Amino acid sequence: MAHRYLFEQMVRRELRQKYKGSALGIAWYLVNPLVLMGAYYLLFGVIFELQRIPDFPLFLMVGLIVWIFFSQSLLSAAPSLLDHGALIRKARFPRETIPASVVAVQAITFVVLLVAVGVVTIVLRGTLDVALLLLPVVLLALLGFVLGLSLAVAVLHAHFRDVAPILSAALLPWFFLSPIFFRPEDITGQALARAALEWGNPVAPYIEAVRAILYGGGAPGLDVLAYVLAGAALSLLVGRALFRRLEAELAVLV
Amino acid sequence: MTVAPGELVLEHASRAFSVRADRGRTLKELIIGRANAARPPGPPPVQALDGVSLHIRPGETVGMVGRNGAGKSSTLRVLAGIVPLDAGSVHTGGQIVTLLELGAGFGRDFTGRENVFLNGALHGLGRAEIEQRLDDILAFSELGDFVDAPVATYSSGMYLRLAFAIAAHLDADILLIDEVLAVGDEAFQRKCEERIARQIAAGATLVLVSHDAALVERSCARTVVLDGGRVAFDGPTGHALPFYHRLMGTPDPQPVTP
């Protein structure tokens, strides 16, 4: 791949530019998710004490970092092509480098948080298991899923300027419908609602899979694994196809 | 169609641009339908290229002149592969190096040295290929200690020095330059012209957009006069410039006789 080095350079540029001149610098990438995690812990761990789930803070954190990676990637990918308008108007290079580098920066943050939360979870809960070997597979699938969607929202937002606002409006209810602070299996009364929350929400299986490994100390179900792999393939396929189709006019639109 | 490295072919190329301030559409409009979308009809699209045909052979030096809005920069962006055509075709051969706007490919918080890598990468080069050229590029730019200062602190002349130094060392088959040399001081401009001449001698092709008739006269054997998106004149620079001056209604500058 001839433009791999360009990708590396764009990631560096992204890391440098975002929080330039601020006292914490790159550490800001960690501040945002940490503050979110603190707030949600207060809300769901202390105020609405959910006692049924053991080690609730760990349960919450594992799910939350997956969600934060997903939502922050989409939110920062959406305006990324417009933000780099000057570059797109004046230079020829593969345009997907831009949303991809934005996602890469979020992925770096995600991995840092995941290692911290993962180690603590495994130690405190004693969930070190051979299933941990599945984690890279699940994480790659998650990355593919997020990258495909990010390509799509980035190029769509360049064409239709209300994509980013719609996205940020949708992410809030989406968060509460994702199994971050609850387990779908606890919904015993309504089978339909449970199935919808488990399978109708494409993010849910990724959260479930990561949590099964780190918090549960076992392999995710085969159905969940199949879902996350198929979801990644579909997202990448559709995202790339959409990007290819809509990228030609970018130099004029942004 | 196959073209040789350094060759550019435009066939009946047409491209219109909408001239609205709000360039993107919204999903709402898409869903409601464009016909009854609640936006006032704006001015009609501008035909930036209107059936332009050009055949530039490897090693040619071509100036492009015309009034503001004649389609010069659009033609360059089409040749660079940045903007697609509505109709017609464009074919180019080999490595294209563009100098369209100063600092377009620069990260403002990167140092000059770091920007060499970013800019080289934008042109598709890898780390090793850039490192190999780094010393030559920095030496050519004559920026001295400023190569390790963020480019946000540069003057426009310093931007040009860095941008041109990079462009000059990327082994271009085709050089596309849009009116940027003017911000360099006289000594650096001369250095740029000499460097371009060396690359032409080595087989590269030059397309230069400029309002500086003297620069076009020195650098380009052939000149294309664009007017309203069409080719108004295409021929030797010695004939094209008088045509251009007549078109502009300005007197043909008399050669200064010592």
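Predicted model: local features only at pLDDT ≥ 70, side-chain atom pairs only at ≥ 80, totals over all residues.

Biologist: Why are α6(A) and α7(A) called oblique to each other?

Modeller: Helices here are DSSP runs of H or I with at least four residues, strands are runs of E with at least two, and both are numbered from the N terminus. Axes are lines fitted to C-alpha atoms, for helices over the stretch in contact, and angles run from 0 to 180 degrees between N-to-C directions. Angles under 35 degrees count as roughly parallel, over 145 as roughly antiparallel, 65 to 115 as roughly perpendicular and the rest as oblique. Helix α6 (residues 97–125) of chain A packs against α7(A) at about 140°, and the pair is therefore oblique. Their axes are 9 Å apart.

Biologist: What makes α3(A) roughly antiparallel to α6(A)?

Modeller: The axes of α3 (residues 56–77) of chain A and α6(A) cross at roughly 175° and come within 9 Å. That angle makes the two helices roughly antiparallel.

Biologist: Which residues of α6(A) and α7(A) meet?

Modeller: Two residues are in contact if their C-beta atoms, placed from the backbone, lie within 7 Å. Pro99(A), Ala100(A), Val103(A) and Ala107(A) in α6(A) meet residues of α7(A) including Leu143(A), Val146(A) and Ser150(A).

Biologist: How many residues of that contact are nonpolar?

Modeller: Ala, Val, Leu, Ile, Met, Phe, Trp, Tyr, Cys and Pro count as nonpolar, Asp, Glu, Lys and Arg as charged, and the others, Gly among them, as polar. By that list, the contact of α6(A) with α7(A) has 9 nonpolar, 1 polar and no charged residues. For α3(A) with α6(A), the classes are 15 nonpolar, 5 polar and 1 charged.

Biologist: How many residues of chain A touch chain B?

Modeller: 26 residues of chain A are in contact with 29 residues of chain B. On the chain A side, α1(A) gives the most, with 6 residues. That side has 14 nonpolar, 4 polar and 8 charged residues.

Biologist: What makes β3(B) a partner of β8(B)?

Modeller: Two strands pair if DSSP finds at least two bridges between them. Strand β3 (residues 61–65) of chain B is joined to β8 (residues 222–227) of chain B by 4 bridges, and the two run parallel. Gly63(B) stands opposite Thr223(B) in β8(B). β3(B) also pairs with β7 (residues 205–209) of chain B over 4 bridges, in the parallel sense. There, Thr61(B) has Leu206(B) as its bridge partner.

Biologist: Why is β3(B) called largely enclosed?

Modeller: A residue is buried if 20 or more other C-beta atoms lie within 10 Å of its own, exposed if 12 or fewer, and partly exposed in between, with C-beta atoms placed from the backbone. 5 of the 5 residues of β3(B) are buried, so the strand is largely enclosed by the rest of the structure. Thr61(B), Gly63(B) and Val65(B) lie on one side, with Val62(B) and Met64(B) on the other.

Technical notes
Residues numbered from 1 in each chain as written. Chains lettered and ligands numbered in written order.
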